[in-house]
2 protein chains.
Amino acid sequence: MIQKTSDVITPISPAPQSLRLRRIGIDTYQEPVIYLRADSPVCRSEGFAAQSRLRVATRQHEIVATLNMVHSDLLTPGEAGLSEIAWQQLAARHDDLVALSHADTASSFRLVKAMLHGHRLDAEQYQCIASDIAANRYTDLQLSSFVTVCTRDDTTLDDAINLTRAMVKAGEQLHWDYPVIMDKHCVGGLPGNRTTPIVVAIVAAAGIPIPKTSSRAITSPAGTADTMETLAPVNLSLKRMRQVVEQELGCIVWGGSVALSPADDVLIRVQRALQIDNHLQLIASVLSKKIAAGATHVVIDIPVGPTVKVRSDIEARRLSDRMVSVGQQLGIQVAVVLSDGNQPVGRGIGPSLEARDILSVLQGSDKAPQDLLDRACRLAGEILEIANTAPAGLGQIHARKILQEGHAWKKFQAICEAQGGLREPLTARYTQPVTASRAGQVLSIDNRRLAKVAKLAGAPAAAAAGVLLHTRLHNQVMLGEPLFSIHAETPGELSYALHFLKNQPDIIGIGENP
Amino acid sequence: MIQKTSDVITPISPAPQSLRLRRIGIDTYQEPVIYLRADSPVCRSEGFAAQSRLRVATRQHEIVATLNMVHSDLLTPGEAGLSEIAWQQLAARHDDLVALSHADTASSFRLVKAMLHGHRLDAEQYQCIASDIAANRYTDLQLSSFVTVCTRDDTTLDDAINLTRAMVKAGEQLHWDYPVIMDKHCVGGLPGNRTTPIVVAIVAAAGIPIPKTSSRAITSPAGTADTMETLAPVNLSLKRMRQVVEQELGCIVWGGSVALSPADDVLIRVQRALQIDNHLQLIASVLSKKIAAGATHVVIDIPVGPTVKVRSDIEARRLSDRMVSVGQQLGIQVAVVLSDGNQPVGRGIGPSLEARDILSVLQGSDKAPQDLLDRACRLAGEILEIANTAPAGLGQIHARKILQEGHAWKKFQAICEAQGGLREPLTARYTQPVTASRAGQVLSIDNRRLAKVAKLAGAPAAAAAGVLLHTRLHNQVMLGEPLFSIHAETPGELSYALHFLKNQPDIIGIGENP
């Protein structure tokens with residue numbers, strides 16, 4: 001009979017060490033960092049070393065941060081410095097006392113390694129992973145490893161169901177007093193496909209609840225939250241969000257500020273940095289956010305084309321079927337719309353530029369991009385139908401009417417005011433047109449590289465930056481005619497985008513006049 | 001015919017911006033960081049943001065560093081602060097002028113993503129990856145993704161050949177004036193398996209060149225370089241290393257300081273942090289280092305057992321065959337020895353503790369661990385045979401003789417003096433025995449968890465920390481008899497190790513007296 005090793009020794013839990021917090025004024029972006037003097041007593045007694053992961057706790061809050069050791073008098077031995085994100089996450093104030101200890105390592109990471117070697121995880125194991133991720137126990141390296149493992153081609157329906165459910169459970173879930181709660185989502189990769197603000201305005205104007213939470217950009221030059229933010233505040237607390245919905249039946253806010261599916265926010269950051277997307281995480285990300293937001297129905301727009309995320313109809317249907325199946329298992333009705341992904345939607349790529357497209361559609365301007373208008377009405381129509389507000393097949397007509405009669409614009413203004421005030425999207429300081437080097441017909445537009453140009457120009461971090469298109473597929477163009485303009489906030493970013501363009505022929509491919 | 005977009009615009013290359021370097025005194029361990037004022041002109045004109053990757057260049061050197069933005073008067077707008085590792089890598093001096101620009105992104109990362117989706121890479125593509133990694137163009141997230149991808153079970157012989165060759169080409173290669181150059185390597189996971197210093201001493205004493213470069217620990221409580229460093233300096237320049245070899249025919253130095261297979265050093269750091277190992281990278285790491293070191297022959301020891309890296313004879317032979325095949329393709333003769341991996345070797349686990357075992361073997365102490373002695377002689381004997389210094393089958397006998405007659409100890413002392421001086425390994429300040437909770441026979445010893453105890457106790461960063469075994473498999477033990485002791489440099493680390501032990505029965509499993 002095997003006996004366990006002796007437990008005669010009583011391990012001493014080290015007493016938490018108290019230091020005074022200093023806001024050190026260093027921006028480490030999204031990775032919380034704590035700074036300690038190398039010779040401070042706590043470092044020596046706890047055996048802390050540079051890059052150790054520490055649990056940092058005030059009386060009210062607790063975070064996990066990476067340690068950087070200080071060898072100068074930037075701090076005294078009794079002080080702990082925090083980087084900007086750490087300061088914010090901890091809701092810290094100058095001179096707050098803080099206790100430090102080694103952070104729990106993410107014990108679930110061994111499950112990720114098991115996945116690597118082909119083991120299938122069950123629901124509970126996915127929950128362990130999601131829970132550790134949501135609690136910031138994964139290092140960036142571990143997150144990257146998990147994202148990479150999820151990108152294998154052999155993940156199953158069960159993986160999708162389990163990961164989605166696990167991500168819902170790892171955060172808060174909203175509950176509403178309405179019998180139905182509508183939601184929508186566009187799978188990305190299609191620049192300018194910014195239908196949400198228009199769809200929300202139409203649907204809310206039709207009397208259907210649509211409390212929309214949206215993401216910031218993952219790998220695109222703008223996410224819905226980035227674009228909306230150029231028009232109205234989006235970082236609303238849950239309480240404020242409920243007030244807006246109570247008042248207007250709709251809202252468009254940043255999901256991250258109401259902490260739904262917190263694991264998703266962590267993973268999105270890593271996916272963005274790696275520029276990796278995969279179906280498993282796409283489904284889990286979208287549906288976990290919708291379920292957590294309390295949606296009963298969701299319409300998903302999947303653009304299909306050679307230069308967007310979903311490249312073929314076959315892939316689109318596979319993704320679509322899986323989303324519907326996962327939704328069925330988890331109590332949310334999923335309807336999918338496949339749309340054209342061959343060229344950008346609207347004219348703008350980048351937060352402010354897309355916002356201007358949205359305003360022109362809502363305001364009924366004759367300059368409004370027709371494709372954006374059509375897509376928004378198609379999606380809003382689909383929602384009206386699954387909400388049983390419009391008969392099958394007539395949703396689009398109803399949606400157009402609401403838009404054309406000005407009800408959507410009125411509702412949108414009301415929503416923006418309720419969220420904190422409608423504002424004018426900023427204009428970029430530096431613009432440069434890119435013109436056609438020959439006459440002919442526009443035969444192809446490369447969405448991916450156009451999006452890259454917009455990103456190099458500064459989008460979405462610089463909200464006014466991006467690309468403004470002046471032409472569309474199949475247009476005839478003349479020699480020297482502007483095809484698109486680059487908008488940037490700094491000469492350096494403008495130059496960076498132009499430099500990239502120099503080596504990129506055929507982003508807009510022009511061919512012979514037929 | 002498709003025409004390219006206009007190149008009428010001439011993009012302006014932004015002039016490099018010169019700032020004055022400051023050593024900011026922050027230790028970010030191995031990730032180079034540069035600190036700039038958020039309001040400095042260069043940040044605005046270049047569009048730098050927190051976490052941007054920058055190329056940082058003095059007139060003589062250049063590094064890639066991650067940007068942290070400063071929002072206080074820690075720096076003036078005309079200054080650039082560097083973290084400790086960045087300062088060292090750049091060989092910087094106070095007030096040096098430095099030019100900053102966006103770092104080239106690692107263009108080869110798209111190849112890693114292709115691997116993810118099942119594409120097989122060719123030799124040239126592996127070279128692009130290895131080259132980018134060696135030049136520090138991969139972010140930590142990208143490195144983690146690559147390590148994860150390499151951990152798939154379907155990597156091939158060609159992958160191993162190509163990655164190994166690519167890693168050799170990404171760094172320097174040493175050339176020696178001797179007809180043969182011997183080397184050895186132990187696949188890890190077996191705590192205390194520290195044969196190298198003894199083997200090198202025996203082989204060099206026999207007149208065979210063995211310029212040994214070794215690693216620091218990846219996922220173990222000690223690497224050969226860590227252990228050797230408790231006895232003599234290991235961070236020798238190439239020039240000094242050659243001098244030692246010229247004088248003594250052998251050396252044991254840290255490979256990292258002679259920049260062989262630089263991609264390997266970068267990858268090892270990430271593998272260590274993730275605690276991920278895989279055959280592809282193991283082979284490429286070992287053989288690229290040996291080939292780069294100029295070895296013509298290498299003996300590889302693969303311990304096999306349920307709680308070490310290689311779990312079964314089948315896996316061992318698969319790994320072994322692949323190593324021999326890769327070696328054949330790349331011009332290095334590989335001989336493999338399979339050994340017992342069921343319990344730690346020697347008594348010590350951790351740099352100083354293992355060093356003491358080595359000294360006792362070399363010095364012919366009657367306290368010397370017999371298993372360590374036997375293994376060292378077996379490996380040294382294998383080397384003597386493939387070097388044709390001993391007849392087939394008699395290598396081990398020759399090796400023992402060299403050891404017993406004191407030649408190996410004499411040679412070891414000479415090597416240490418040549419490397420900078422033999423020193424006494426430090427002793428840990430805090431020790432605590434772990435005793436048997438019942439009488440019986442030792443039926444099992446869990447290497448992995450013992451290694452973890454040693455690491456929690458502080459090894460290898462705290463060189464004197466680790467575990468000292470007092471018993472072996474099949475020993476009879478009495479109630480209360482010490483099974484092993486934990487050695488630590490700080491009470492916090494000792495407590496951390498004991499806390500772990502509390503929840504870990506059966507690390508040393510004791511059963512009924514037969």
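Helices α7(A) and α14(A) sit oblique to each other, a label for angles that are not under 35 degrees (roughly parallel), over 145 (roughly antiparallel) or 65 to 115 (roughly perpendicular). In this predicted model, local features need pLDDT of at least 70, side-chain atom pairs count only at pLDDT 80 or more, and totals for chains, interfaces and linings use all residues. Residues are numbered from 1 along each chain as its sequence is written, chains are lettered from A and ligands numbered from 1 in the order in which they are written, and side-chain values use heavy atoms, with hydrogens and water left out.

The axes of α7 (residues 196-205) and α14 (residues 370-386) of chain A come within 9 Å and cross at roughly 45 degrees. Axes here are lines fitted to C-alpha atoms, for helices over the stretch in contact, with angles from 0 to 180 degrees between N-to-C directions. Helices (H or I, at least four residues) and strands (E, at least two) are DSSP runs, numbered from the N terminus. The crossing is right-handed, meaning that the near helix is turned clockwise from the far one by less than a right angle. On the α7(A) side, Ile198(A), Val199(A), Ile202(A) and Val203(A) make the contact (heavy atoms within 4.5 Å). Their partners on α14(A) are Leu372(A), Ala376(A), Cys377(A), Leu379(A), Ala380(A) and Ile383(A).

Over in chain B, helix α10 (residues 262-274) has 13 residues and reaches 19 Å between its end C-alpha atoms, close to the 18 Å expected at 1.5 Å a residue (1.5 Å times one less than the number of residues). Its buried residues (under 20% relative accessible area, against over 50% for exposed and in between for partly exposed, with a 1.4 Å probe and protein chains only) include Pro262(B), Val266(B), Ile268(B) and Leu274(B). The buried residues pack against both chains: α3 and α5 of chain A, plus α4, α5, α6 and α11 of chain B. Just past α10(B) comes Gln275(B), with a positive phi of about 55 degrees.

Helix α16 (residues 407-419) of chain B also has 13 residues, and its end C-alpha atoms lie 18 Å apart, in agreement with the 18 Å it should span. Among its buried residues are Trp409(B), Lys411(B), Phe412(B) and Gln419(B). For the buried residues of α16(B), the packing partners are α7, α8, α9, β10, α13 and α15 of chain B. Gly420(B) follows the helix, with a positive phi near 135 degrees.

Finally, Gly509(B) belongs to strand β19 (residues 508-511) of chain B and is buried, at a relative accessible area of 0%.
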